[in-house]
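User: I would like to go through the terms used for this model and see what each rests on.

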Amino acid sequence: MSFERIKPHLPWITLLALVLVVGAADANFLRPANLISMMADIVPLFIMALGMTFAIYIGGIDLSAQSVANMTTVVATIALPTFGIGAALICILAGIVLGAVSGFVTTRLFVPSFISTLAVGGIAFSAAQYMSGQRALFMDAEMRDSTFGWMTGSVAGLPAELIIAAVLVLGAWFLQSRTTFGRALKAVGAGEPAAVASGLNVNRIKIMAFALSGGLAAIAGLLFSVKLSGGSPTLANGFLLPAIVAVLVGGTPLTGGVGGVINTLIGTLIVAVIRSSMLYFEVDATQQQMVFGLILITAIALTIDRTKLRVVK
Amino acid sequence: MSNVLTRDVLIKWAPLIVLLVLVLFFTMMEPRFFSLRNFARIGISSAPALMVAIGVTFIIIMGSIDLSMEGTVSVCAVVFAFAFIALGGTLASWAWLAIPLALLVGGAIGFVNGLVHVLLKIPSFMASLAMGFVGTGFALLLTGGDRIRVEDDLFRSLLTERWFGFPIMCYVALLFLLIAWFIQSRTTLGRNFYAVGGGEELAHASGLNVNRVRIMGFALAGIFYAVGALLAVGRIGIAETATGSNFMFVSITSVVVGGTALWGGIGGVWNTLIGVLIVNVINNGMVVIGLPGYVQDGVLGILVIAAVVLSTDRKSVTFVK
C-alpha cells in the first residue's frame, strides 16, 4: 500500500538521488555549465522519447522511431540544397505519414503495434538506404548554418536546443492535459473497451498518437542531422533503447493510461545523469547497453499495471 | 461454413503456394536462379536463420513472442569462439566441448528470459527485447568490439565440405529441424506449447503448470538460437557482437510468413521451414534479377504485415495494442 503511494513520486526522487550521488562523487558535475551541456546533448533523444510517450501512453509501442529518425537524417541532408527550410517540413511530414501508417496497420488491420512498427521501421530503413545510396552524406556547412543555424546556436546564453525542447514539451504537455484529444488519449490508455463504449473514435485517436510519435521521431532525426551536419541510414542507431528507457523510467507504464510527457522529461534526465555518471565512474562505454537493458527490465517491472493484464503473454 | 473452410484451407497451403510461385517467378526472370549452385547458396543463408526461426516458433505457438535472439546469438557465438580457441582451436581436440557449452549458454539465457517474463509478469515482447539489449551489450563487453576468427578447417567444413552440392551445415539444420519436429509433435512439452497457445486459461484449468511450460519454451528457444549461432560462425568464420544482428526481423518475418499465427496455437516447425525459404528465396532472387539488396527490409516489412493480416481471424479479435 505504502509503495503504491510512493510510486508516482519515484521518478523525481530517483533523479534527485542520482544527481546528489554523482554530485558528491564529483563536484564538477554540479557546475551549471556542465549540467546545461549535458541537457543540450540529450535533446534529440528527448524529442524521440517525447513521441514514444504518446505510443506507450495508449498502451502500444513504437519500435520504428529509430529507423524514422535515421531516415530523416538522410531526407534532411538531401532536401536541404533544394528546399532550404522546407526540408524541415518534408522531414516532419514524412515522419507523420510513417507513424500514421503504423497506426493504420495496428488499428484497422489488427497487427500488434510492436510488429507493425517493426515492419514500418524496415520500410523506413530501406527508403533511407535507397535515398542515401548507402553512403554517409554531408551537409554544406554554409547552407546548414544559414538555414538551420538557429537550431544549434544559443539564445541568451542558453543552447538553442534547450529552447526547442522546452517549446516541444510545452506543446506536448498542452496537447496531453488541456485538449479533448489529450483526454481521449488518457481514456484509450486507461481502458480501451470503455473508451469504445463511450463513443470515442478510438482508432482515429490511436492513429493520431502513432502519427505524433513518428512526427517527433522525425524532428529528433532532423535536429541530430543538423548537429552532426550530415545524414546516414544508421546515424541514429542506439537511440531506441534509451528512448524507451526514458519513457518507462519516467513512470509511464507499458500498459499506458498514466504518466505522460512531464514524466518523460524526468525520465530523460535520469538517462542523461546515468550516462554521464558512467563517464565519471569510468564504466566502459561498451557496458552502457547492458546497464540500460537491466534498468529497462527493472523500470517495467516496477511500473506495469498488472490488473490490466489478465494473461501476461 | 464453406466460407470458413476455404479460408482455413487457404491459410494452410498459402505459404507453400507462395514459395512455389516465387521460385517460378524468379526462374522466369532469370534462368540461372534455378540451379543447384544457387539453391546451395539459398540453403547456406537459410540454415542459421532456420535454427533461430524454429526457436522462436515454439514461443509464438504459445502466443508469446521472443525478440531476444540478436543478443542471444551474439553471446553464444562469442562464448563459443572464446572457448573453442582456449581449448585448442580445432574440433579434433577437446575444443569440441565448446559446442555443448554454447548450447548450454543459449539454454541458460533463454531460461533467464523466461524467468524475467513469467516471474516479473512483464509482457514477453518487452522482457525479451530488453534481455536482447542486455545480451548484445554483454557480447560487446566480452569482445571489447573485436572480431574473433575461428579458422579450424574441421569446423569450417560445415561450409566447405559438400554432399550432393549442399554444404554440411544444411544437413545439420535439417537434423535439428527433425529434432524440433519430434519435440513439437511427439513430446508432452510440444503438445503443451499448443495447449498454452490455444487457450491459456483452459490449459491452466486442466492442471497444466503454464508458467513452467513458458519458461521451458524460452529455454528451448535459447538452445536453438545457440545452434543458429554455431552455424552462423561456421558460415563466415568470425564471431563478433554483430553476429546476431538482423536475426530478429528475419526470423519473426519467416515464422509469420510461414503461417504460424501470432495469436498462438496454430502452425509449427514445417511452416517455419517454408517461411524461412520464402524469405531467403526473395532475398536471393532479388539479387539474382539485379535489384539492390537494400530493398530487402522494406519488402520483408510489407510481407510481415500482409502475413499477419491474412492469418488473423478478424471476427475473433476485438482490439490490439
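Analyst: The radius of gyration is taken over C-alpha atoms, and the globule rule is 2.2 Å times the number of residues to the power 0.38. The model is predicted, so local features need pLDDT of at least 70 and side-chain atom pairs count only at pLDDT 80 or more, while totals for chains, interfaces and linings use all residues. Residues are numbered from 1 along each chain as its sequence is written, with chains lettered from A and ligands numbered from 1 in the order in which they are written.

User: What makes chain B agree with a compact globule?

Analyst: For 321 residues the rule gives a radius of gyration near 20 Å; chain B has 20 Å, therefore the two agree.

User: Which share of chain B is buried?

Analyst: A residue is buried if 20 or more other C-beta atoms lie within 10 Å of its own, with C-beta atoms placed from the backbone. In chain B, 53% of the 321 residues are buried.

User: What does B:Phe80 touch?

Analyst: Leaving out residues up to four places away in sequence, B:Phe80 touches B:Ala98, B:Leu101, B:Ala102, B:Ala229, B:Leu230, B:Val233 and B:Ala239.

User: What share of contacts in chain B joins residues at least 24 apart?

Analyst: Among contacts between residues at least 6 apart in sequence, the share is 78%.

Terms used. Buried ≥ 20, exposed ≤ 12 C-beta atoms within 10 Å, placed from the backbone. Contact = placed C-beta atoms within 7 Å.
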